[in-house]
Amino acid sequence: MTLWRLTWLTPLLLLQACSPAGNQVEPLKEGLIYCSEGNPESFNPQLGTSGTTIDATSAQLYDRLLDYDEDQQDFIPALATAWQTLDDGTRYRFELREDVAFHQTPWFTPTRPLNAEDIVFSFRRWLDEGHPYHDINGGNYPFFTASGLNRLIERVVAVDPQTVDFYLSRSDSSFLANLATDFAIILSAEYGATLLERGTPGLIDQQPVGTGPFVFDEFRKDLLIRYARNTNYWRTPAHIEQLVYSITPNANKRMLKLITGECDVIPYPLVEELALLDTEDEIRISGTVNPNSAFWAFNTQHPPFDDVRVRRALAYAINRPAIIQNVYNGNARLATGILPETSWAFSPVDQTHGYDPAYAKELLAEAGYADGFDFELWAMPVQRAYNPNAQRMAELIQADLAQIGVRAEIVSYEWNAFRRRLARDEHDSVLIGWIADNADPDNFFRPLLSCNAKAVGTNRANWCNAEFDELLAEAIREQENAKRKQLYQEVENWVYREVPLIPIANSMRFQAYRGDIQGVEVPAYGGVNFRFARHVDTAATESAGVQP
Amino acid sequence: MIRYTLRRMMLLLITLWLLTVFIFSLNYFFPGDPLTNMSGVRASDALNYQLATATRAFDQGILAQYSNFLGHLLRGEWGQSLSTQQPVFQELLPLLGATVELSLLAMIVAMVIGAPLGLYAAGQRRGALDRLVMGLSLSAYSIPVFWLAQLLILLFAVKLGWTPISGQINPLFDIEVSSGAILLDIGLSDSPYRSAAFADAISHLWLPVLVLAMMPATMLMRVTRNSMLEVMQQNYIRSARARGLSDRRILWRHVMPNTMQPVVRQLGLMFSILMSNIIITEVIFNWPGLGSWLVKSIYERDYPVMQAGLFTFAALILLVNVLVELYHAWRYPQVRKELYAER
């Protein structure tokens, strides 16, 4: 009967109609999809420290006064064309670039190019507690507080429309490095004033306006962020017309989407699994050396971790080389201290504890825990550059600890909730890590272990020691690198003795690309950058001139 | 029929009312502050919290709170999300569109595949093809939807490369979201690449639709087959045969309408199963619909969103079931008569 035949045919016909659409229409050719691992917390990197937010915003929407060139290991001009150090290093003067336009968007039309007012506005927002924007959207500026920049900079003054002076409370060798980070971005003062007038200042971090190579278009939570090319960019405009962040938290899903071509670039790929699939001609994987450190931090305020002997015992109890093999598949270096190899202050001396469960047991008995104890081991729910699988790492550590009679309960929450609870110090111990924001070794210590960092909630060990803080301050006052290097060795030594945290690994940061993508930059310090990204038309030579 | 309709409507209203009581009491059962759970305003936001206390009558007794809650619910003021601070109801509408589009298409596909195959199997009763179709339907019915989805993704997307696996459309097509139903939105948009976008949307759609349609289709197949076999045994079919009517006429005039009667009754149940499967399917295919929204809200402990999602799903299932029953009673008067006789 014809009816039956029709029934069979309908789905087949549907299938026929559904073979993937030709990839050649304009928006697909001129756009790029980056499958990011999570939602940004806001569209202003000043407000956070999360790598996801930095990747989504800094290099795309904004510019900084100066950039850091990794090849030359030097600072290069960006919004500032020149700078000089005055008054024995306590005053810096920046000359600004002319004719830098802010983004023109449906919600804001700039009437003037960038000038000194914008620099003053951007810095005073977090410096000056009386500033009308200081308390907007939380009023928390963790990077600037943790790095001490908020107390280093005394004031920022516009000398004339193209000149800005920064007055420092003392000379600081890491100042320029901090200005070149992804956090020290420049906002529009005019936009700020417009929003205040409209009575909606909170929008400044949700509908961002910057000077960067891409203009914000829309954000749909858990789904996508859409950016359009900034055709008026003051440097060479980006190649791609549209940049879409497709939010894909699941690592397996990201890999599949890369294979099906739904993603052009993905961060944190499952390197081993990708290698197993035979996709070499379609997909490239690149690893960049990343200045990061994965560590296990003890909440030194919670007993029994207030006892250094307990912390030291656990340091001896875990088999870190096994973790490197199992969690990183060997794609990481066993940490020999907090500083990774990439830092100039790195020294090859091993300043970590070896694997010695017998000695660990002795130490525990000495501390009065011969029968072990119970505690919570918090593991991140997401992959980061420094730790591809914190859950697995937690399981390995749990097994190691069971051997010395210590019982760990693995705890995890959704990522934003996880960070919130960490900041409230609800944890006993946590597996987490740090990616440096700038090339200065100080960035590994003050944001992680200083009393200031404890106050803003980036000090996961809850560690605060006046002598230790003084040592960090001494290292930052010193201008000579050789002497600083020595001081940082002392700092490392201190961490070795007191064990507020156990450094575990320094890993590479991996990205995977479709074969036709080039120019995606992943700087060691900071977030991914799509300014030079483009499709290399491999099909053009084969089917020249054929347009559907 | 009018009496029956009224009775059903009363029942619907009462069930919906019970649902609102349940949802309201959830605010007290969830951990934390009931007002925050309901409105999404945290106590740290002192000014708005005070405002919410007043507008939601939290300074009064529980009955006043409930009647206020009902008022807000009816006006579409469902509070704001704890994680995005956006109004929940406005956030919900496009998601509802996406979910309804997916479920409607899945229902249609299920009917197009299921009913004819059931009829076909009945026609071939106890033949090899009947056994094959029924065996296939039983095995397809037994595969859990999350596993089926993964298998089909591996086959069609990864191995064969025929289809993408997530979302409604390639995000590079900048289609403005108005209804949430992607095919409709493409139709409404002024994008110059509409036809390409349409093809792309279809290539995103067919796999989740197929996955979703599988379970109801197999159910339909079995129900249709059994019902048709039963109808074929009836005396009026024999007498029609005896009067010398052609097979085709018997099939279309006498068998089909009567076969469809129990099938239509099952549609409500099928829809309920579809709704629970759609939650899983949406999560797997990153479909921006109610289901993935609800699951996400559970992860994020976003109580206002969780309530809204639960309420919408429950209300949708209730509504569809009542509509199916009404249609059933209207289309098949004998059912109505049975109902009255039983009273």
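Domain bounds come from an automatic or database domain assignment. With that in mind, let us walk through this predicted model, in which local features need pLDDT of at least 70, side-chain atom pairs count only at pLDDT 80 or more, and totals for chains, interfaces and linings use all residues. Residues are numbered from 1 along each chain as its sequence is written, while chains are lettered from A and ligands numbered from 1 in the order in which they are written.

**Domains of chain A**

| Domain of chain A | Residues |
|---|---|
| domain 1 | 27-35 + 217-282 + 515-543 |
| domain 2 | 63-207 |
| domain 3 | 292-507 |

Between the C-alpha centres of domain 1 of chain A and domain 2 of chain A there are 29 Å. Eight residues of domain 1 of chain A are in contact with nine of domain 2 of chain A (two residues are in contact if their C-beta atoms, placed from the backbone, lie within 7 Å). On the domain 1 side, four of these residues are nonpolar, four polar and none charged. Here Ala, Val, Leu, Ile, Met, Phe, Trp, Tyr, Cys and Pro count as nonpolar, Asp, Glu, Lys and Arg as charged, and the others, Gly among them, as polar.

**Where the chains meet**

In chain B, 32 residues are in contact with 34 residues of chain A. Helix α9(B) gives the most to the chain B side, with six residues; helices (H or I, at least four residues) are DSSP runs, numbered from the N terminus. That side divides into 21 nonpolar, six polar and five charged residues.

**Inside chain B**

Ala213(B) is in contact with Ala106(B), Val109(B), Ala110(B) and Ile113(B), leaving aside its neighbours within four places in sequence. Pro116(B) has its place in helix α5 of chain B. Why is Pro116(B) called buried? Pro116(B) is buried because 20 other C-beta atoms lie within 10 Å, and the cut-off for buried is 20 or more such atoms (exposed is 12 or fewer, partly exposed in between). Pro116(B) and Leu269(B) are 153 residues apart in sequence and, C-alpha to C-alpha, 19 Å apart in space.

Finally, helices α11 (residues 247-284) and α13 (residues 303-331) of chain B pack at an angle of about 170°, with their axes 8 Å apart. Axes are lines fitted to C-alpha atoms, for helices over the stretch in contact, and angles run from 0 to 180 degrees between N-to-C directions. The pair α11(B) and α13(B) is therefore roughly antiparallel, a term for angles over 145 degrees. Their contact divides into ten nonpolar, four polar and three charged residues.

How values were computed. Helices (H or I, at least four residues) and strands (E, at least two) are DSSP runs, numbered from the N terminus. Angles under 35 degrees count as roughly parallel, over 145 as roughly antiparallel, 65 to 115 as roughly perpendicular and the rest as oblique.
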